[in-house]
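This briefing is for a reader who is new to the structure shown below. Please look through the sequence and the model before going on to the points that follow.

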Amino acid sequence: MFSDIAVEELIPLSEKNKMVLIDVRSPSEYKNFSIPGSINIPFFDDAERAEIGTLYKQVSVAAAKERGLAIISAKLPEFVKQFKQVEGNKTVFCWRGGMRSRTTATLLSLMDVHVSRLEGGIREYRRWVLKQLEQSEAPFKAYVLNGLTGTGKTRILKALEEQGYPVIDLEGLANHKGSIFGHIGVEPHNQKVFDSLFVQQFRELEKAPFVLFEAESSRIGKVVIPNWVMELKANSIQLIIDMPMEERIKEIIEDYRPEEYQDECIAAFQRIKTRMPQDVSKQIEEDLETGEFASAVRLLLEFYYDSRYKHTGLQYPDQQKKVLQVRNLEEAIEAIKEQIPEPEKSSVS
């Protein structure tokens, strides 16, 4: 028979690559939210799950179970084969640790494939994540990368992370660039996915002497940043990148690729067009429609983003901020490295 495993025991094993996590929920459930690093071997596909759910609600529990048994019986050989192809220790889970994971584990044990089952399913994992986020204070000190829109802060963080510096990329975890245009060309993560990825990241870095992250507002798209992270941002050293306008325009066009997402950029602009002078707004809209993206970006920076940043992003005492005047991204990376400790070997990924 199979054995149950608690989430508190499972996660450390997964973090050490000693356990493979297998989500047996449907593909759409898995896509919406799962445990980071898990793979999906669905007990029912989306259509089958919908059919079973309808029978459960409209006919009877017995009818739903009978139909479920018929479905899984027909595809049992292939289902078991997929599990046999997964090497190492395995743990299966569904929503509540109920029928799908229990039946999967039972069937596999009959075929001499041993798996564990996560107690309480992914619902219990979600409770564990929320508990992890309940920090009374930050578990590390931080340096905060700050600066006007277009100074390449995300690319700087990624470059430093590749060099072994302990980085938390909040925009990367949210899969959103943080601006009104930030969802374009990507599929932003929901709160559950963000929280799970964030917990995974800070557990990896909890023994690092410091972390480096970008100054963000309390929301990135629809994702809410934990309060203790915002408090950490407010009380940490601000490394403020000061970069020429032309470099910022170049960086934004390279990052957002408006030539590929022209219609999406125009649609997003409609949400903020009334927040700047009418003649400026009209010119930006015209520039976006005619492909004059550099002009549109310049006006957006001058009449919208820069004024907003200067009002909220620089309200720190002088002793808490360090302005780094640089000409480009490469200089910015080197300037930041001069302001922070070298990474310890233990924090190198």
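**Briefing**

Glu-29 is buried, because its relative accessible area is 11%, under the 20% limit. The model in which this residue sits is predicted. The points below place Glu-29 in a salt bridge with Arg-49 and then turn to other parts of the chain.

**Glu-29 and its partners**

- Glu-29 and Arg-49 form a salt bridge through their side chains, at 3.3 Å from N to O.
- The pair ties together parts that are 20 residues apart in sequence, because Glu-29 lies in helix H2 (residues 27-32) and Arg-49 in helix H3 (residues 46-58).
- Arg-49 has a relative accessibility of 38%, so this residue counts as partly exposed.
- A network of salt bridges links Glu-29, Arg-49 and Arg-100.
- Side chains of opposite charge can pair when their charged atoms come close.

- The structure holds 19 salt bridges.
- One of the salt bridges joins Glu-246 and Arg-298, with the closest N and O atoms 2.2 Å apart.
- Glu-246 belongs to helix H12 (residues 245-256) and Arg-298 to helix H15 (residues 293-312), so this pair ties together parts that are 52 residues apart in sequence.
- Arg-298 is partly exposed, because its relative accessible area is 28%.
- Another salt bridge is formed by Asp-306 and Arg-248, whose closest N and O atoms are 2.5 Å apart.
- This pair links distant parts of the chain, as Asp-306 is in helix H15 and Arg-248 is in helix H12, 58 residues apart.
- Both Asp-306 and Arg-248 are buried.

**A positive patch on the surface**

- On the surface, Lys-222, Arg-271, Arg-275 and Arg-308 gather in a patch of positive charge.
- Arg-271 is found in the loop between helix H13 (262-269) and helix H14 (278-290).
- Arg-271 counts as exposed because its relative accessibility is 53%, over the 50% limit.

**Chain as a whole**

- The chain contains 16 helices and 12 strands.
- Of the 349 residues in the chain, 48% are buried.
- Taken along the principal axes, the C-alpha atoms of the chain fill a box of roughly 65 × 50 × 35 Å.

**Annotated span**

- An unreviewed UniProt entry carries the annotation "domain: Rhodanese" for residues 15-134.
- Residues 15-134 are 57% helix and 11% strand, and the end C-alpha atoms of this span lie 20 Å apart.

**Distances along the chain and in space**

- Leu-130 is in helix H7 (residues 121-133).
- With a relative accessibility of 37%, Leu-130 counts as partly exposed.
- Leu-130 and Lys-192 are 62 residues apart in sequence, and their C-alpha atoms are 9.4 Å apart in space.
- Lys-65 is in helix H4 (residues 61-74).
- Lys-65 counts as exposed because its relative accessibility is 60%.
- Between Lys-65 and Glu-247 there are 62 Å in space, C-alpha to C-alpha, and the two are 182 residues apart in sequence.

Technical notes: Residues are numbered from 1 along each chain as its sequence is written. This is a predicted model: local features need pLDDT of at least 70, side-chain atom pairs count only at pLDDT 80 or more; totals for chains, interfaces and linings use all residues. Side-chain values use heavy atoms; hydrogens and water are left out. Patches are made of residues with over 30% relative accessible area and no salt bridge: like charges are joined within 9 Å, nonpolar side chains (Val, Leu, Ile, Met, Phe, Trp, Tyr) within 5 Å. Accessible areas come from the Shrake-Rupley method with a 1.4 Å probe; for residues, only the protein chains shown count as cover. A salt bridge is a side-chain nitrogen of Lys or Arg within 4 Å of a carboxyl oxygen of Asp or Glu. Lys and Arg count as positive and Asp and Glu as negative; His and the chain ends are not counted. The place of a charge is taken as NZ of Lys, CZ of Arg, CG of Asp or CD of Glu. Helices (H or I, at least four residues) and strands (E, at least two) are DSSP runs, numbered from the N terminus. Buried means under 20% relative accessible area, exposed over 50%, partly exposed in between (1.4 Å probe, protein chains only). UniProt positions are given in the numbering used here, feature names are shortened, and annotations may be inferred rather than shown by experiment.
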